[in-house]
Amino acid sequence: MSAQKVCIITGSSSGLGLLAAKKLVAKDFYVIFACRDENKTVRLIENLREQSGRSNFEFMELDLGSFDSIKRFVANFHKKNLPLNVLINNAGIFSKTFKKSNDGIEYTMAVNHLGHFLLTNLLLDDLKRSSPSRVVVVSSKLHDPNVRHGSPINFKWSLEEINNENEYDPMSAYKKSKLANVWFAYELARKLEGTGVAVHVLCPGFVPSTGLNRDANIFQRFFMSYILSLFPFTRTEDFGSECEVFAAISDTLDGKTGIFMSDMKETRSSEESYDVEKAKRFWKLSEEWTHLNA
Ligand SMILES: NC(=O)c1ccc[n+]([C@@H]2O[C@H](COP(=O)([O-])OP(=O)(O)OC[C@H]3O[C@@H](n4cnc5c(N)ncnc54)[C@H](O)[C@@H]3O)[C@@H](O)[C@H]2O)c1
């Protein structure tokens, strides 16, 4: 066990996270399935145990929509005295309706960005102790304000604005959370320069078959899963998960940090995402909203 590398992957009970987790299990990582739904995930990993004959994985409960759950997860992880070589911040939601997290924050921003912000910060010492190590942030090309897709990104700088139900727009909320992911990854990479902890951020491509579109009605789901999948810009779950695994373990990324990847290739993210002042300002707000230093 001592030489085995450990990976925590959030939201690994379905979609890209589940496939990426299975691939890392097959590559002999000790994989922690950090998921909300205990019954579903335990069933799933029991099946995986039977099918693969392997046991280098376990379930640990984590609800990214609750700061208490995140702190409990980290405390439980620390009790295990394990190294942490890779953290994949994969979980994500797209919510058609306005909801708030347990901590009273708009749910998309809470889960997609703030939950991962808190989790990563609470695991930083573990990552540093296990260096060379990596943090992988799963964002989307939709973080780019110039990619319209219906809703422009109207970035909000206060909780009052983020929590304004009357102005809620699902696509804009998702895009904002994904821009927050990229700012977070770049700022974290700057802060961790020289520590041996690399941070990479990626878009797994448009994968219409995952659970991300579970809020869509039956016609939209049919359209996305069957019609859109015929177009060349869509990606399979296998490919999208491979993008996560590549960012987590590929040797070709050794010595690099703070890069954005699409189709497993280093590429530029949006102009907005390179605004260092905004990234720093949003980091400070994220610290306040998660009570990180309290
Ligand atoms: N599918 C796409 O087209 C696409 C495109 C770009 C980026 N992404 C990103 O890829 C990542 C994976 O999404 P997916 O497409 O596999 O969708 P998915 O819905 O199948 O997977 C998301 C996972 O996150 C988990 N999750 C949601 N809320 C959570 C919470 N509060 N606590 C813990 N886990 C929670 C879900 O249970 C699920 O297992 C997301 O970050 C998504 O934004 C997806």
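First thing I asked myself: which residues in α4 meet which residues in α10? I found Leu-114, Phe-117 and Leu-118 in α4 meeting Ser-286, Trp-289 and Thr-290 in α10. Contact here asks for C-beta atoms, placed from the backbone, within 7 Å of each other. Helices are DSSP runs of H or I with at least four residues, strands are runs of E with at least two, and both are numbered from the N terminus.

Before going on, a note on the source: this is a predicted model, where local features need pLDDT of at least 70 and side-chain atom pairs count only at pLDDT 80 or more, while totals for chains, interfaces and linings use all residues. Residues are numbered from 1 along each chain as its sequence is written.

**Helix α10 and its partners**

I then looked up the geometry of the first pair. The axes of α4 (residues 107–122) and α10 come within 10 Å and cross at roughly 80 degrees. The axes are lines fitted to C-alpha atoms, for helices over the stretch in contact, with angles running from 0 to 180 degrees between N-to-C directions. So α4 and α10 are roughly perpendicular to each other; the label covers 65 to 115 degrees, with under 35 roughly parallel, over 145 roughly antiparallel and the rest oblique. My classes: Ala, Val, Leu, Ile, Met, Phe, Trp, Tyr, Cys and Pro are nonpolar, Asp, Glu, Lys and Arg charged, and the others, Gly among them, polar.

Next I checked α7 (residues 170–191) against α10 (residues 276–290): their axes come within 9 Å and cross at roughly 95 degrees. That makes α7 roughly perpendicular to α10. On the α7 side I noted Ala-180, Trp-183, Tyr-186 and Glu-187, and on the α10 side Lys-278, Ala-279, Lys-280, Phe-282 and Trp-283. This contact of α7 with α10 has six nonpolar, no polar and three charged residues.

**Two single residues**

Ser-269 sits in the loop between β8 (265–267) and α10. Buried or exposed? I looked up Ser-269. Ser-269 is buried, with 23 other C-beta atoms within 10 Å; buried takes 20 or more such atoms, exposed 12 or fewer, and partly exposed is in between, with C-beta atoms placed from the backbone. Setting aside neighbours within four places in sequence, Ser-269 is in contact with His-143, Val-182 and Phe-260. Val-182 is 87 residues from Ser-269 along the chain, and I read 8.2 Å between their C-alpha atoms.

I also picked Glu-266, in strand β8. Glu-266 is partly exposed, with 13 other C-beta atoms within 10 Å. Beyond its neighbours within four places, Glu-266 is in contact with Ile-259 and Met-261.

**The ligand**

I counted 27 residues around the ligand, the closest being Gly-11, Gly-15, Gly-92, Thr-210 and Gly-211. To be counted, a residue needs its C-beta atom, placed from the backbone, within 6 Å of the molecule. Helix α1 (residues 15–26) gives the most to this shell, three residues. I sorted the shell into 13 nonpolar, twelve polar and two charged residues.

**Whole chain**

Last, the overall picture. I list ten helices and eight strands in the chain. Of its 294 residues, 44% count as buried. The C-alpha atoms fill a box of roughly 50 × 45 × 35 Å along the principal axes.

Conventions: Contact = placed C-beta atoms within 7 Å.
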